[in-house]
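The following questions and answers examine a model of two chains. Please consult the sequence and structure shown here while reading.

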Amino acid sequence: MKVSQETKGSASLFIVEGQVDMHTSPELRGHLREALTQQASPLVVDLTSVGFIDSSGLATLIEALQAVGKYGGKLRLCGLTPEVRKLFDLAQLSTIFDLRDNREDACGD
Amino acid sequence: MSDADRSPSGETLDHVAFRMPSHPRYLPLLRALVGESATLVGFDSDLRTRVLLAVTEAVTNVIRHAYGGVLTKPIDLEVRATDESLRLDLIDYGLFIDPKHIASRPLEDVRPGGLGVHLIKTTMDRVEYRENAHGGTTLTMVKLVTQPKESS
């Protein structure tokens with residue numbers, strides 16, 4: 001898994017590539033934690049190049065969602081492939097997150 | 001059965017066996033094997049995704065609960081692909097953990113963790129945990145090619 005970070009306007013954008021599971025989710029958590037410490041908002045996670053995410057990865061995103069909520073920020077996810085969207089559906093998390101089709105939409109105000 | 005169906009020792013073989021250390025770095029390798037097996041059986045993308053999720057959650061539980069996070073213990077997977085189903089037998093050599101004792105939360109209670117066993121049960125058609133001869137757990141998971149009508 002690879003995580004890169006960019007700033008787009010006011011958005012703090014994290015581009016994730018690869019598979020997110022028990023092995024890689026701590027690395028993703030570390031990247032997000034830094035932005036959460038700085039109370040970034042909106043915090044955007046681009047999952048376009050993620051082919052698989054398990055409950056460890058979903059837990060990492062839930063943690064981030066709860067953390068931004070504490071300072072009144074926003075977390076948006078974008079670019080979910082059908083396979084990854086299915087995994088969100090199975091965990092009944094699709095309605096919990098703000099899911100956007102693409103990066104431009106997610107990084108907007 | 002022809003001679004070609006038999007191994008040199010005369011044993012008949014009906015499955016693929018895979019052994020990995022209990023280190024999560026090997027999870028992609030495990031998913032590659034199971035994903036290709038799902039394709040071999042004829043599963044579509046939806047069923048393939050479900051099976052990959054189940055086996056990942058199952059191995060994660062073994063590492064966390066049966067082996068307590070120790071990364072060098074053996075985990076065996078036996079894959080049986082037939083025209084009717086894909087069967088996965090996951091064998092560990094740790095402590096037998098009754099899945100009832102692994103905390104699982106209601107889905108509507110949105111918080112990190114506690115989803116693994118639930119996801120295994122909802123994504124597979126048959127799930128059975130039993131204590132094996134080594135004192136560990138054998139988890140059998142079956143996904144049918146022809147899905148029951150009420151299954152989504």
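Q: At what angle do the axes of helix 1 and helix 2 of chain B cross?
A: In this predicted model, local features need pLDDT of at least 70 and side-chain atom pairs count only at pLDDT 80 or more, while totals for chains, interfaces and linings use all residues. Residues are numbered from 1 along each chain as its sequence is written, with chains lettered from A and ligands numbered from 1 in the order in which they are written. Helices (H or I, at least four residues) and strands (E, at least two) are DSSP runs numbered from the N terminus, and axes are lines fitted to C-alpha atoms, for helices over the stretch in contact, with angles from 0 to 180 degrees between N-to-C directions. The axes of helix 1 (residues 27-41) and helix 2 of chain B come within 9 Å, and their crossing angle is roughly 145°.

Q: How many nonpolar, polar and charged residues form the contact of helix 1 of chain B with helix 2 of chain B?
A: Contact requires C-beta atoms, placed from the backbone, to lie within 7 Å. Helix 1 of chain B contributes residues including B:L27, B:L30 and B:V34, and helix 2 of chain B contributes residues including B:L47, B:V51 and B:V55. Ala, Val, Leu, Ile, Met, Phe, Trp, Tyr, Cys and Pro count as nonpolar, Asp, Glu, Lys and Arg as charged, and the others, Gly among them, as polar. By these classes, the contact of the two helices of chain B has nine nonpolar, three polar and two charged residues.

Q: In what order do helices and strands follow along chain B?
A: Chain B contains three helices and five strands. Read along the sequence, their pattern is β-α-α-β-β-α-β-β.

Q: Which element supplies the largest share of the side of chain A that touches chain B?
A: The two chains meet through 20 residues of chain A and 24 residues of chain B. Helix 2 (55-70) and helix 3 (82-90) of chain A each supply at least two residues of the chain A side. The largest share, six residues, comes from helix 2 of chain A.
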